[in-house]
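My entries follow in the order in which I made them.

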Amino acid sequence: MIIGLCLLVGWQAALPVAAKAPIETLLITGQNNHNWPVSHQVLKRILESSGLFTVDVAQTPPAGGDMSLFSPDFDAYRLVVLDYNGDAWPEAVRERFENYVKNGGGVVVYHAANNAFPDWKAYNEITALGGWEGRNEKSGDWVYWKDGALVRDSGAGIGGSHGQQHSYVLNRRNADHPVTRGLPERWLHAQDELYDRMRGPGNIRDVLFTAYSDPATGGSGREEPLIFTVDYGKGRIFHDMLGHAGPSPEESPALQCTGFQVLLLRGAEWAATGKVRQPVPDDFPTATTLSYRKNYVEE
Ligand code: ZN
């Protein structure tokens with residue numbers, strides 16, 4: 001009897017992290033100026049193949065459709081992943097989303113989700129920086145990295161652009177955040193867009209990674225904040241500007257990049273729980289070597 005009890009306690013103590021209940025996640029998609037049928041499928045696969053998340057997809061009606069049919073229950077989830085750029089949500093849904101975040105909900109802002117809703121003030125505070133859709137100096141300052149700190153620039157001009165797609169190095173700007181702890185100071189990202197000249201309220205909490213937007217590839221000449229957390233109520237918001245989707249999952253190098261996938265998984269876990277329990281994998285890219293998980297699964 002006593003021996004059995006000891007064995008049971010020992011077995012429980014040895015349970016791996018993956019045996020914890022997965023994080024219930026809501027992925028919002030359905031309209032975008034991007035290939036959302038590919039991107040949302042890939043994001044779901046990356047998250048679920050880790051064993052850490054279960055993902056429900058909330059798909060809006062198509063552009064011009066009856067948005068009153070879109071009424072997700074954010075509070076039933078620990079994490080909301082935004083892969084949406086389209087028609088306005090009903091006012092009641094906007095309010096529920098603001099309250100979900102204010103009250104401590106987890107959010108991942110993925111790529112062109114920061115293009116959405118230029119006129120929804122709270123949404124722009126949840127993303128901190130946005131681009132396109134008519135954004136200009138009235139949308140807020142440009143915010144970029146200079147001499148070891150974020151700077152704001154109220155100059156007139158566009159909000160949001162990018163040069164040609166190319167492979168580029170991400171520079172770690174915070175070594176002590178749960179998302180970045182143990183990751184290399186510099187890592188090479190696969191071919192992707194590099195968002196630049198983004199504007200907004202700029203309420204960034206922690207800058208995690210920046211990248212130099214080189215004029216030689218049509219960029220801004222600035223060191224652009226591409227991965228950061230946002231200060232909004234009690235919410236935990238992970239904003240990741242990487243990850244332009246191609247025509248198919250097999251032709252999307254930015255998403256197939258191991259660095260993109262690992263950052264998504266770490267950022268998502270942090271947004272949902274405030275912690276990151278995942279070890280840094282051996283196949284993470286280095287400053288000079290690309291790494292891919294082409295099937296979106298850790299081998
Ligand atoms: Zn894009």
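I took buried to mean under 20% relative accessible area, exposed over 50% and partly exposed in between, with a 1.4 Å probe and protein chains only. The model is predicted, and I noted that local features need pLDDT of at least 70, side-chain atom pairs count only at pLDDT 80 or more, and totals for chains, interfaces and linings use all residues. Residues are numbered from 1 along each chain as its sequence is written, and side-chain values use heavy atoms, with hydrogens and water left out.

Entry on the metal site. I asked which residues coordinate the zinc ion. I found His34 (NE2), His111 (NE2), Glu193 (OE) and His244 (ND1), at 2.0 to 2.1 Å. Donors are N, O and S atoms within 2.8 Å of the metal (3.2 Å for Na, K and Ca); water is not among the atoms, so sites may look incomplete. Along the chain, the donors of the zinc ion have the spacing H-x76-H-x81-E-x50-H. I then noted that His34, in the loop between strand E1 (23-29) and helix H2 (36-49), and Glu193, in the loop between strand E8 (186-192) and strand E9 (199-200), link distant parts of the chain, 159 residues apart. Helices (H or I, at least four residues) and strands (E, at least two) are DSSP runs, numbered from the N terminus. Glu193 is buried at a relative accessible area of 6%, and His34 is buried at 16%.

Entry on aromatic pairs. I recorded 18 aromatic pairs in the structure. Rings of Phe, Tyr and Trp (its six-membered ring) pair if their centres lie within 6.5 Å; planes under 30 degrees apart count as stacked, over 60 as edge-to-face and the rest as tilted. The ring centres of Trp89 and Phe97 are 5.7 Å apart and the planes stand at 80 degrees, so I logged this pair as edge-to-face. Trp187 and Phe284 are also an edge-to-face pair, with 5.4 Å centre to centre and 70 degrees between the planes. Because Trp187 lies in strand E8 and Phe284 in the segment after helix H6 (258-273), the pair ties together parts 97 residues apart in sequence. Trp187 is buried at 0% relative accessibility, and Phe284 is buried at 8%.

Entry on the loop residue. I located Thr217 in the loop between strand E10 (204-212) and strand E11 (223-230). Is Thr217 buried or exposed? At 18% relative accessibility, I counted Thr217 as buried.
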